Amino acid sequence: MSEAVEYDVVVLGGGPAGENVVDRTRAAGLSTALVESELVGGECSYWACIPSKALLRPVLARADARRVPGLAGAVAGPLDAAAVFAHRDYWTGNWKDDGQVDWLESVGAHVYRGHGRLYGVRKVAVTSPEGEHHVLSARHAVVVATGTRAVIPDLPGIADARPWTSREATSAQEAPGRLLIVGGSVVAVEMATAWQALGSRVTLLVRGSGLLPRMEPFAGELVADALREAGAVVRTGVAVESVVRDGSTGPVTVVLEGGETLEGDELLMATGRTPRTEDIGLDTVGLTPGAWIAVDDSCRVPGIDWLYAVGDVNHRALLTHQGKYQARIAGSVIAARAAGNTPLDTGRWGAHVATADTEALPQAVFTDPEAASVGLTLAEAERAGHRVRAVDHDLGKVSGAGLYADGYRGRARMVVDLDREILLGATFVGPGAAELLHAATIAVAGEVPIARLWHAVPAFPTISEIWLRLLEAYRG
């Protein structure tokens, strides 16, 4: 190994979480190096959030337009798939990271390309694609932000079947005639929505009883109904036993428990994520390779005062925006500790704790209809011991929704803590519903009293008038 190059902070992983750590530490005047083995910008930029939403935007816009009188006939035909793919490719930078690297260098960060591994206390060893070796030493902190990869279940025949993961599903250049999707969470339902609209015949195979199991049950029910109406087959309570591929390019056959077989041209396994920690040197600091990295609310690893983990790799909240939020918190902690500013602000909702991960976690699912939620579901609130009441309203009964689209279908729920009269959670399902989410996030994170929300007057005629309807229903 070469002699160590010293920085204040070394970040292992260049996705959105890692980039945001760099942003915060550089803003604090700390020298920072970032190590990335693939594309700077990470999974979100090239194989997840950005390309999936680029695929979905034309799908949802067409669905909305088809519900608008005077416009429906103009969008009755199929999507221009080639144009959709070109739009997606533009937003991924054609899978080149020049722009991301330029930004990092513009803020004074040093980018190392290659595989990085922890190398004992405050050190990271980097092996470049050309076989060069570097050792980076951190004066103050090393931050692990290596993210996750898709889980491929260990099923008979799965390796030879060469299934899609989220990477192939978001980067494919043509629609398979028949697409089998295994899973019922966000990747599964978003990709079912996109590829059904792009011309595939989609079959969704779900082990559980419904879709989107981490949201209110009605969210998954409404999304499943819409997928079926669009032509997809949605089957719940089924499990895959084995997979067979016919030759190198032939169809793939899924064998269900009980012996039933289904044939498709491609198979997408959307069955979860696993941390990318199997070969990053965790063993050199007493941690378990391949495991999630446990952290405290400041995103610091307990017992190792210089090591932090942000983003999916810590398993607190597998969402890009939460990883970026954690990075902002961790960056502030690292900067404060480097400056000798103690004690830190670690009270609930303090500047140096990632409270929102557990108290006000927002998520938007870009299906048709969209599903958006923040905070606790009714079931989660009850399990946590809160005395709560759920208040529901038909989202389609709001004037703004009726003007947005003919036959608008949706539902809204707020979960109220009856002892404190604040919101613990909210869920909205319907076309365009994702744009309702941030108001709910502010209400939950701010613990805004119901009595004060009464004075937050929604503009007429917008879909956000659902807030008035929910508050009226709560007051009775």
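**View 1. Four strands form an open, parallel sheet in the order E10-E9-E8-E14.** The model is predicted: local features need pLDDT of at least 70, side-chain atom pairs count only at pLDDT 80 or more, and totals for chains, interfaces and linings use all residues. Residues are numbered from 1 along each chain as its sequence is written, and side-chain values use heavy atoms, with hydrogens and water left out. Strand and helix labels follow DSSP runs, numbered from the N terminus (helices are H or I with at least four residues, strands are E with at least two). Two strands count as paired if DSSP finds at least two bridges between them. The edge strands are E10 (233-236) and E14 (266-269), and each pairs on one side only. On average, neighbouring strands of this sheet are turned by 15° against each other, direction ignored. Angles run from 0 to 180 degrees between N-to-C directions; axes are lines fitted to C-alpha atoms, for helices over the stretch in contact.

**View 2. Helix H8 (residues 186-197) packs on this sheet.** H8 touches strand E8 (178-182), E9 and E14. Contact means heavy atoms within 4.5 Å. The direction of H8 makes about 165° with that of E9.

**View 3. Strand E9 (residues 201-206) pairs with E10, and E8 pairs with E14.** E9 and E10 are joined in the parallel sense by four bridges. Here Val206 stands opposite Thr236 in E10. E8 and E14 also pair in the parallel sense, over four bridges. Leu179 stands opposite Glu266 in E14. In general, strands of a sheet pair through backbone hydrogen bonds, either parallel or antiparallel.

**View 4. Side chains of E14 point two ways.** Glu266 and Leu268 point one way, Leu267 and Met269 the other. All four are buried. Buried means under 20% relative accessible area, exposed means over 50%, and partly exposed lies in between (1.4 Å probe, protein chains only). In a regular strand the side chains alternate between the two faces of the sheet.

**View 5. Helix H3 (residues 49-65) packs against H8.** The angle is about 60°, and the axes lie 9 Å apart. H3 is therefore oblique to H8. Angles under 35 degrees count as roughly parallel, over 145 as roughly antiparallel, 65 to 115 as roughly perpendicular, and the rest as oblique. H3 passes H8 in a left-handed crossing. A crossing is left-handed if the near helix is turned anticlockwise from the far one by less than a right angle, and right-handed if clockwise. On the H3 side, the contact is made by Ser52, Lys53, Leu55, Leu56, Val59, Leu60 and Arg62. H8 contributes Glu190, Met191, Thr193, Ala194, Trp195 and Ala197. By class, the contact of H3 with H8 has eight nonpolar, two polar and three charged residues. Ala, Val, Leu, Ile, Met, Phe, Trp, Tyr, Cys and Pro count as nonpolar; Asp, Glu, Lys and Arg as charged; the others, Gly among them, as polar.

**View 6. Helix H1 (residues 16-27) packs against helix H10 (residues 320-338).** Their angle is about 30°, with axes 8 Å apart. So H1 is roughly parallel to H10. The crossing of H1 and H10 is right-handed. H1 brings Pro16, Ala17, Asn20, Val21, Arg24 and Thr25 to the contact. H10 brings Thr320, Gly323, Lys324, Ala327, Arg328, Gly331 and Ile334. These residues divide into five nonpolar, five polar and three charged.

**View 7. Thr25 lies in helix H1.** Thr25 is buried, with a relative accessible area of 0%. Leaving aside neighbours within four places in sequence, Thr25 is in contact with Val9, Leu30, Thr32, Gly331 and Ile334.

**View 8. Strand E6 (residues 133-144) pairs with strand E1 (residues 5-12) in the parallel sense.** Seven bridges link E1 and E6. The bridge partner of Val11 in E6 is Val143. E6 also pairs in the parallel sense with strand E16 (residues 307-309), over three bridges. There, Val144 has Ala309 as its bridge partner.

**View 9. Strand E5 (residues 123-127) and E6 run antiparallel.** Five bridges join E5 to E6. Val124 has Leu136 of E6 as its bridge partner. The hairpin of E5 and E6 has five residues between the strands. In this hairpin, Gly131 takes a positive phi near 90°.

**View 10. Arg316 lies in the loop between E16 and H10.** Not counting residues up to four places away in sequence, Arg316 touches Val295, Asp296, Asp297, Gln326, Ala354 and Asp357. Arg316 and Ala354 are 38 residues apart along the chain, and their C-alpha atoms are separated by 9.7 Å.
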